[in-house]
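Hi,

Here's the structure I promised to pass on.

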Amino acid sequence: MNGKTAIEKKRQARKARATNPPGDIPLIPCPTCSRKLRARIGLFSHLCTHRQTRSQTQGLDH
Ligand SMILES: [Zn+2]
């Protein structure tokens, strides 16, 4: 029954991955507003919003 145990191990590994939240990913703080972002791409797009708000300092409610 070695094959079965191997499958069980794979299953457990999958479960561990599924149950573990993506909290292991280091959060990157925004240097402007110190908001924490999950990924570099998220930080990049977030910085773009800061640039937009800089050029338009007022008048954005949403
Ligand atoms: Zn920010």
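Below is what turned up, going from the whole chain down to single residues.

First, the ground rules. This is a predicted model, so local features need pLDDT of at least 70 and side-chain atom pairs count only at pLDDT 80 or more, while totals for chains, interfaces and linings use all residues. Numbering starts from 1 along each chain as its sequence is written.

On confidence: pLDDT is the predictor's confidence in each residue, from 0 to 100. The chain averages 77, and 68% of the residues score at least 70.

The fold itself is quick to describe. There are two helices and two strands, in the order α-β-β-α from the N terminus. Helices here are DSSP runs of H or I with at least four residues, and strands are runs of E with at least two, numbered from the N terminus. Of the 62 residues, 0% are buried. For that label, a residue is buried if 20 or more other C-beta atoms lie within 10 Å of its own, exposed if 12 or fewer, and partly exposed in between, with C-beta atoms placed from the backbone.

UniProt lists residues 30-50 as "domain: C2H2-type", from an unreviewed entry. Its positions are in the numbering used here, feature names are shortened, and annotations may be inferred rather than shown by experiment. Over residues 30-50 the chain is 52% helix and 10% strand, with the end C-alpha atoms 10 Å apart.

Now the loop between β1 and β2, where Cys 30 lies. Cys 30 counts as partly exposed because it has 15 C-beta neighbours inside 10 Å. Leaving out residues up to four places away in sequence, Cys 30 touches Arg 35, Leu 37, Leu 43 and His 46; a contact means C-beta atoms, placed from the backbone, within 7 Å. Cys 30 and Leu 43 are 13 residues apart in sequence, and their C-alpha atoms are 6.7 Å apart.

Ser 34 is in the loop between β1 (28-29) and β2 (36-37) as well. Ser 34 isn't a glycine, yet it has a positive phi of about 55°. Most residues other than glycine have a negative phi. Ser 34 is exposed, because 7 other C-beta atoms lie within 10 Å.

Lastly, Ala 39 sits in the loop between β2 and α2 (40-55). Ala 39 is partly exposed, as it has 13 C-beta neighbours inside 10 Å. Its C-alpha is 6.9 Å from that of Leu 27, twelve residues away along the chain.

Cheers

Definitions and conventions: Two residues are in contact if their C-beta atoms, placed from the backbone, lie within 7 Å.
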